[in-house]
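The entries follow in the order I made them.

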Amino acid sequence: MAFSSNNIRSDFPILKVTTDDHPIVYLDNAATTQKPLAVLQSIQDYYLYSNANVHRGAHFLSDRATSAFENARDTVANFLNAGQNSHVIWTKGTTESINLVAYGLEHLIETDDEILITSLEHHANLVPWQQLAFRTGARLRVLPLTSTGEWEPEYASYFTDKTKIFASTHISNAIGVATPLADMLNEAKKVGAYTLIDGAQAVAHYEVDVETLDCDFYVFSGHKMYGPTGIGVLYGKSAALEILLPYQTGGEMVRHVAYQATEFNVLPYRLEAGTPHIEGAIGLAAACDYLTKQDRPELLKWEQNLAKTVYDELYLDPRIEIYSPSSNTTLVSLSVPDVHTLDLNSYLDSKGIGVRAGSHCAHPLMEQLGVGSTLRASFACYNTKEEAERFCEVLLEAIDLLAD
Amino acid sequence: MTHLLDSQTIQSRLQACTSKEATFKELVALSNQLERLTDEDKSEEHKVKGCESAVWLIEEHIDGMCHFKADSDAKLMRGVLVAVLSLVQGKSKADIQAMDLVQELTQFNLGSYLTSSRTNGVLGILKKLSS
């Protein structure tokens, strides 16, 4: 059955908010998505009926909280086709997941080793590797992907026997293009590099199967896929997670502590120091369930059609430059050379339309594109064709008002 | 020297705006009052730090009074600059330092244009005016 946002909009009460009598049009979904009632309810239910600290208590509520928390891990493992639930580590989000790996692998990195990333990375998948390179004397290299995200045979030469880590985004947050994951991971495997994929912009849209991808690590945030903020996931293969040294230590992650030494717990707990974000994990699992209930290929098609609507409406306008692909994307990133993106953003905001203007935490990519900032309209499952059309209409009004 | 509208006129125009859209249009109209800086004047030295859009501010002294020139690459910010400069143009440094510029600026009814992430940038401008 074809997906339509009409059938699910009522799951997101916030969409009824108005400003200056305009209904809000929320097109900043790549920054964070709105949350369906099912997610909100799961968090409230946890606090109403199950709140206690997990794992160590031996009483009714603690058992209940622990099983809700560990069931959430199972749900996420299934969501990713991750096999065992011990492959799922809870983190604060994508950024912490990447930092956890960057610190955890540090003991394996030596001077003159290479860490390879791509030119389409968010700062979160750049700075931790750059800093790891600084700490170890390794060299950060950048695979020069173009804004079309296509694989070129000469890229293979970037993967060498010195490449110890390869990290790439799945989907660019700034321009929405998908990277050539299969080709890149294939080359990375040939040279025996650890591989990490930043799935922050992918999980809300694509059905991710980590077994098929066959990467060592896959990371994402809950709040960009209809879940709560402050919770994220580090998926890792058993061997890859085992090799990580814990980057935080303390409670929950230990088996036995003496003043002389500490015996760490097994995975996944070894990498989860401190009381976890229990309601975050439960809320994220509810978001996974929410997505799994949808016809996901149709949902993706719906979102891609919205981006396509915007692209088709605007690409012929000589005043507008579009940086996103013409199809197979769920966002449109653009600029108007004569008009500041912040001004466009303000006019759209005055009509209730929320988008994002800026460099999208991707300064090097903006430099590559030769633009200071772009205006990004990013779509989620609850957006409508009318909203996409309204965005175009108001954007064109803004350009008329603002162009000198 | 730029002849800007006086701050009373600007205030009443902005106070008459009852929606974000009206404020937006008024700021666009105000922005046209600002005399643009030359490329040489838009130097690193004159740049105000902490603004989302680029803002340059130049201070000159004539007969002991302050005269400011400013520019931004964003049009709405140029409108805000016209409002801000109307408060301080032609005054002595001591007078400017005695003013509560943040309080004065709230009279302009800039609402969301100042409560958003733009605030820090505007505060940076006010700080530079009285330094």
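Predicted model: local features only at pLDDT ≥ 70, side-chain atom pairs only at ≥ 80, totals over all residues.

Residues are numbered from 1 along each chain as its sequence is written, chains are lettered from A and ligands numbered from 1 in the order in which they are written, and side-chain values use heavy atoms, with hydrogens and water left out.

**Entry: salt bridges**

I found a network of salt bridges that links Lys351(A), Glu397(A), Glu21(B) and Lys25(B). Over all chains the rule gives 30 salt bridges.

I then looked up Asp349(A), which forms a salt bridge with Lys20(B), the closest N and O atoms being 2.8 Å apart. The pair joins two chains, because Asp349(A) lies in helix α10 (residues 341-350) of chain A and Lys20(B) in helix α2 (residues 20-31) of chain B. I took helices (H or I, at least four residues) and strands (E, at least two) as DSSP runs, numbered from the N terminus.

Glu114(A) is in strand β5 and Arg141(A) in strand β6, 27 residues apart. Both residues are buried, where buried means under 20% relative accessible area, exposed over 50% and partly exposed in between (1.4 Å probe, protein chains only).

Is Glu187(A) buried or exposed? Glu187(A) counts as buried because its relative accessibility is 13%. Its salt-bridge partner is Lys190(A), at 3.2 Å between the closest N and O atoms. Both lie in helix α5 of chain A, three residues apart. Lys190(A) is exposed, with a relative accessible area of 59%.

**Entry: the two domains of chain A**

I read chain A as domain 1 (5-29 + 295-403) and domain 2 (51-292), with bounds from an automatic or database domain assignment. Their centres, taken over C-alpha atoms, are 29 Å apart.

How many salt bridges cross the interface of domain 1 and domain 2 of chain A? The rule finds zero. The area buried between these domains is about 2200 Å², with 54% from carbon and sulfur atoms; buried area is the accessible area (1.4 Å probe) that two parts lose on being put together, summed over both.

Methods:
Salt bridge = Lys/Arg side-chain N within 4 Å of Asp/Glu carboxyl O.
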